[in-house]
Amino acid sequence: MRNRKSILYPFLPVIITFCLYLVFYSEIEISPARAGFWLVLAMGMSVGVVLCRLIQWPKDKK
């Protein structure tokens, strides 16, 4: 696997999750059994991944 040092790659999970939200917007209901809950959870997890990667990014550049 190649070592990717670009700043764009950590943002891909957020972009994909946001696109899924836009595609399924008309069918989303906010309740634990519906897609809205899981998309909000996935968005939170992807933002967490981005934050972790951005914190580690200056260390990886060295």
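A contact here means that heavy atoms of two residues lie within 4.5 Å of each other. With that in hand, we can look at how this predicted model is put together. Among contacts with a separation of 6 or more, residues 24 or more positions apart account for 60%.

**The overall picture**

What secondary structure does the protein have? There are two helices and zero strands. Helix α1 covers residues 12-23, and helix α2 covers residues 35-61. The protein has 62 residues, of which 11% count as buried.

**A residue tucked away**

Let's start with T17, which is found in helix α1. Is T17 buried or exposed? Its relative accessible area is 10%, and the cut-off for buried is under 20%, so T17 counts as buried. Leaving aside residues up to four places away in sequence, T17 touches L39, A42, M43 and S46.

The table lets you compare T17 with some other residues.

| Residue | Relative accessible area | Class |
|---|---|---|
| T17 | 10% | buried |
| C19 | 39% | partly exposed |
| V49 | 42% | partly exposed |
| C52 | 46% | partly exposed |
| V23 | 59% | exposed |

Why does V23 count as exposed? The limit for exposed is over 50%, and V23 has a relative accessible area of 59%, so V23 falls in that class. V23 is found in helix α1.

V49 has its place in helix α2. Because its relative accessibility is 42%, which lies between the limits of 20% and 50%, V49 is called partly exposed. How far apart are the C-alpha atoms of V49 and P10? They are separated by 7.2 Å, although the two residues are 39 residues apart along the chain.

How many disulfides does a search of the whole structure find? The search finds zero.

**A nonpolar patch on the surface**

Which residues form the nonpolar patch? They are I7, L8, Y9, F11, L12, I15, I16, L20, V23, F24 and L54. Together these residues have about 930 Å² of accessible area. Helix α1 gives the most to the nonpolar patch, with five residues. V23, the exposed residue from the table, is one of the members of this patch.

Note on methods: Residues are numbered from 1 along each chain as its sequence is written. This is a predicted model: local features need pLDDT of at least 70, side-chain atom pairs count only at pLDDT 80 or more; totals for chains, interfaces and linings use all residues. Side-chain values use heavy atoms; hydrogens and water are left out. Helices (H or I, at least four residues) and strands (E, at least two) are DSSP runs, numbered from the N terminus. Buried means under 20% relative accessible area, exposed over 50%, partly exposed in between (1.4 Å probe, protein chains only). Patches are made of residues with over 30% relative accessible area and no salt bridge: like charges are joined within 9 Å, nonpolar side chains (Val, Leu, Ile, Met, Phe, Trp, Tyr) within 5 Å. Accessible areas come from the Shrake-Rupley method with a 1.4 Å probe; for residues, only the protein chains shown count as cover. A salt bridge is a side-chain nitrogen of Lys or Arg within 4 Å of a carboxyl oxygen of Asp or Glu. A disulfide is a pair of cysteine sulfur atoms within 2.5 Å.
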